[in-house]
Amino acid sequence: MRGIRLNGFGGPEVMEWAEVPDPVLGPGEVLIDVAAAGVNRADLLQRQGFYAPPPGASELMGLEVSGVIAEVGAGVRDWQAGDRVCALLSGGGYAERVVAPAGQLLPVPDGMDLAAAAGLPEVAATVWSNLVMTAGLHAGQLLLIHGGGSGIGTHAIQVAARRGARVAVTAGSDAKLKQCAELGASVLINYREQDFVEVIRGQESGAGGPGADIIFDNMGAAYLARNVEALADYGRLVVIGMQGGVQAELNLAALLGKWGTIHATNLRKRPATGRNSKAEVIAEVKREVWPLLADGKVVPVIHAELPISAAAEAHRMLDDSGTFGKVTLRVG
């Protein structure tokens, strides 16, 4: 089969659409004929040599796909050949075929295009596992999302708003902020012109004091101290990315003074099954988020759909400040 292989680490030019080894179907897994693959920032890091796959995972990039099941492995009972699915992966999605654990599959919502569905598993699992399963997001709380125009941000806005939370977002342009508002955000912060801490400390949290009950952060080190400053009492900071670096100094007195909590999580390295597993997250996503997609209350936000042969352009696009939502790659 064909897939995207890396000719070394570096810029988008190191990616090549070429012959790669066929995936091997094992017990409890399904073989998927890939229709489309979602592009994620983790793919860019892997291409640069900064994010190796977990032990045993495919060396190919690609953490989510959509397609049609070609074959099921021993012990798989809930899925069959011909089912339209999307899947959360540990790797291997940039290819014509991929294997996925049955517990990491989701049905493609009725009437949804396969290419759009390819951009759902990673964002849905990331948002639900962090905001709800970890941080306990509920109605009435103030949630601050950094990078509101990202794939994760656009999904998080919708899910949080449908749960009755008040959503604040940061973005680098008024145009992006307007799009975030259309998805359900009500506190709009242009980080190029406004101090997000000042804005958020001027808002009332769900508990009645100033600040955000939950901050959903993709920046890491660069925002650590300021995020703690923006938290409300008993607030929770959830860090899912390191775009702003990996090391920072933490003022523990500031965190202690707010009874605050910092969570740092990684979806890719979760176990496939068991406690805190991908299967556990996917089961909750299917039960809680998929009905919202079926009803149109949450929609996939796709900035662009490109052919797999244009994977380099897709990676450049994801790094572009003008991109709003997900980028997907047509494969089959």
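1. In this predicted model, Val-68 stands opposite Arg-84 of strand 5. Strand 4 (residues 64–72) pairs with strand 5 in the antiparallel sense over five bridges; two strands pair if DSSP finds at least two bridges between them. Helices (H or I, at least four residues) and strands (E, at least two) are DSSP runs, numbered from the N terminus.

2. Residues are numbered from 1 along each chain as its sequence is written. Local features need pLDDT of at least 70 and side-chain atom pairs count only at pLDDT 80 or more, while totals for chains, interfaces and linings use all residues; side-chain values use heavy atoms, with hydrogens and water left out.

3. Strand 5 (residues 84–88) is largely enclosed by the rest of the structure, because four of its five residues are buried (under 20% relative accessible area, with exposed over 50% and partly exposed in between; 1.4 Å probe, protein chains only). Strand 5 is also joined by three bridges to strand 7 (residues 105–107), and the two run antiparallel. Here Ala-87 has Leu-105 of strand 7 as its bridge partner.

4. An open sheet of six strands, paired in parallel, has the order 10-9-8-11-12-13. Strand 10 (187–190) and strand 13 (261–264) are its edges, each pairing on one side only. Within this sheet, strand 8 (residues 142–146) and strand 11 (residues 212–217) are linked in the parallel sense by three bridges, and Leu-143 stands opposite Ile-214 in strand 11. Helix 3 packs on the sheet and touches strand 8, strand 11, strand 12 (231–239) and strand 13; contact means heavy atoms within 4.5 Å. The direction of helix 3 makes about 155 degrees with that of strand 11 (axes are lines fitted to C-alpha atoms, for helices over the stretch in contact, and angles run from 0 to 180 degrees between N-to-C directions).

5. The largest nonpolar core has 46 residues, of which Leu-131 and Trp-290 touch the most other members. Such a core is a set of buried Ala, Val, Leu, Ile, Met, Phe, Trp, Tyr and Cys residues joined through side-chain atoms within 4.5 Å. Helix 3 (residues 121–134) gives the most to this core, with six residues. Not counting residues up to four places away in sequence, Trp-290 touches Cys-86, Leu-106, Pro-107, Pro-109, Leu-120, Ala-124 and Val-285.

6. In soluble globular proteins, nonpolar side chains tend to be buried together.
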